[in-house]
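Let me put the model up and we'll walk through it together.

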Amino acid sequence: MRYFLDTQLYSYLANGTIAPAEWRAALTGRELWLSPVTVYELLEGLLKANVHTFPISAS
Amino acid sequence: MRRWLQAAGGELPADFHDFRRNIAAGRADFLAAIRRFLARALPRYHRAADPLFSADWQKAAGRTPGEHLDAAFVFHTAVLERVARIRYNAEKHPSDYLDYLQLRYLNDEDLSFLTADRKLVIMTQRSLESDRIYLWSELANREPFRHGG
């Protein structure tokens with residue numbers, strides 16, 4: 001069985017809503033698949049990011 | 001950062017731009033089907049039987065009677081029901097179409113979907129694929145995963 005994740009979960013991991021330890025505990029040992037729709041949403045999010053919404057731009 | 005994004009935008013694979021166009025076109029079709037549904041089925045809504053088994057609703061969702069109750073179809077029907085019942089404005093919820101696309105991957109019986117969206121889980125719980133849709137909070141609170149478990 002392979003698992004694919006709602007894109008929102010990647011956002012939760014990035015913003016700390018889901019702790020890395022919780023992420024690892026839930027997903028270690030599971031085979032993950034990145035859906036094309038999630039790739040689309042992540043790329044779309046990057047393209048729409050700007051200096052006000054994307055914290056790493058300060059570095 | 002802005003310059004980096006602009007540069008990345010110019011170097012993205014051409015198929016990503018195609019992908020964006022396809023998503024936009026698909027979303028437009030999705031919303032058009034909802035508008036057609038409103039015009040055709042809404043006047044009879046209060047007399048309709050269970051939406052999942054109503055010919056009107058199946059036609060509105062682009063399905064024919066007898067097709068199995070996959071998660072994408074059940075989700076689409078739930079969106080149509082919200083539109084009819086609570087005047088839900090689907091145009092203000094562009095992620096509905098992306099959720100619908102994600103759920104279509106469940107046609108592959110080797111795939112399971114993890115989400116933090118309790119509403120989506122509820123909207124698809126009558127689907128025959130609902131046993132492969134997991135709520136993150138429930139999965140994360142289980143015992144650690146073991147192979148074969």
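So, start with helix α4 (residues 71–86) of chain B and helix α5 (residues 95–104) of chain B, which pack at an angle of about 160 degrees with their axes 8 Å apart. Those axes are lines fitted to C-alpha atoms, for helices over the stretch in contact, and the angles run from 0 to 180 degrees between N-to-C directions. Angles under 35 degrees count as roughly parallel, over 145 as roughly antiparallel, 65 to 115 as roughly perpendicular and the rest as oblique, and therefore α4(B) and α5(B) are roughly antiparallel to each other.

Who makes the contact? From α4(B) you get A71(B), A72(B), F75(B), H76(B) and V79(B), and from α5(B) come D96(B), D99(B), Y100(B), L103(B) and R104(B). Contact here has two residues with C-beta atoms, placed from the backbone, within 7 Å. By class, that's six nonpolar, one polar and three charged residues; Ala, Val, Leu, Ile, Met, Phe, Trp, Tyr, Cys and Pro count as nonpolar, Asp, Glu, Lys and Arg as charged, and the others, Gly among them, as polar.

Before I go on: this is a predicted model, so local features need pLDDT of at least 70, side-chain atom pairs count only at pLDDT 80 or more, and totals for chains, interfaces and linings use all residues. Residues are numbered from 1 along each chain as its sequence is written, while chains are lettered from A and ligands numbered from 1 in the order in which they are written.

Staying with α5(B), it's mostly covered, with seven of its 10 residues buried. Buried means 20 or more other C-beta atoms within 10 Å of a residue's own, exposed means 12 or fewer, and partly exposed is in between, again with C-beta atoms placed from the backbone. The buried ones in α5(B) include D96(B), D99(B), Y100(B) and L103(B), and those four also sit in the contact with α4(B). Across chain B, 27% of the 149 residues count as buried.

Chain B has seven helices and two strands, running α-α-α-α-α-β-α-β-α from the N terminus on. Helices (H or I, at least four residues) and strands (E, at least two) are DSSP runs, numbered from the N terminus.

Now, where do those strands go? They join an open sheet of four strands, in the order β2(A)-β1(A)-β1(B)-β2(B), with parallel pairing. Two strands pair if DSSP finds at least two bridges between them. The edges are β2 (31–32) of chain A and β2 (133–135) of chain B, each pairing on one side only.

Walk across it with me. Two bridges join β1 (residues 2–5) of chain A to β2(A), and four join β1(A) to β1 (residues 111–115) of chain B. R2(A) has E31(A) as its bridge partner in β2(A) and stands opposite L111(B) in β1(B). Likewise, Y3(A) stands opposite L32(A) in β2(A) and opposite S112(B) in β1(B). Then three bridges take us from β1(B) to β2(B), where Y134(B) is the partner of L114(B). Four of the five residues of β1(B) are buried, so that strand is largely enclosed by the rest of the structure.

Last, confidence. Chain A averages a pLDDT of 83, with 81% of the residues scoring at least 70; pLDDT is the predictor's confidence in each residue, from 0 to 100.
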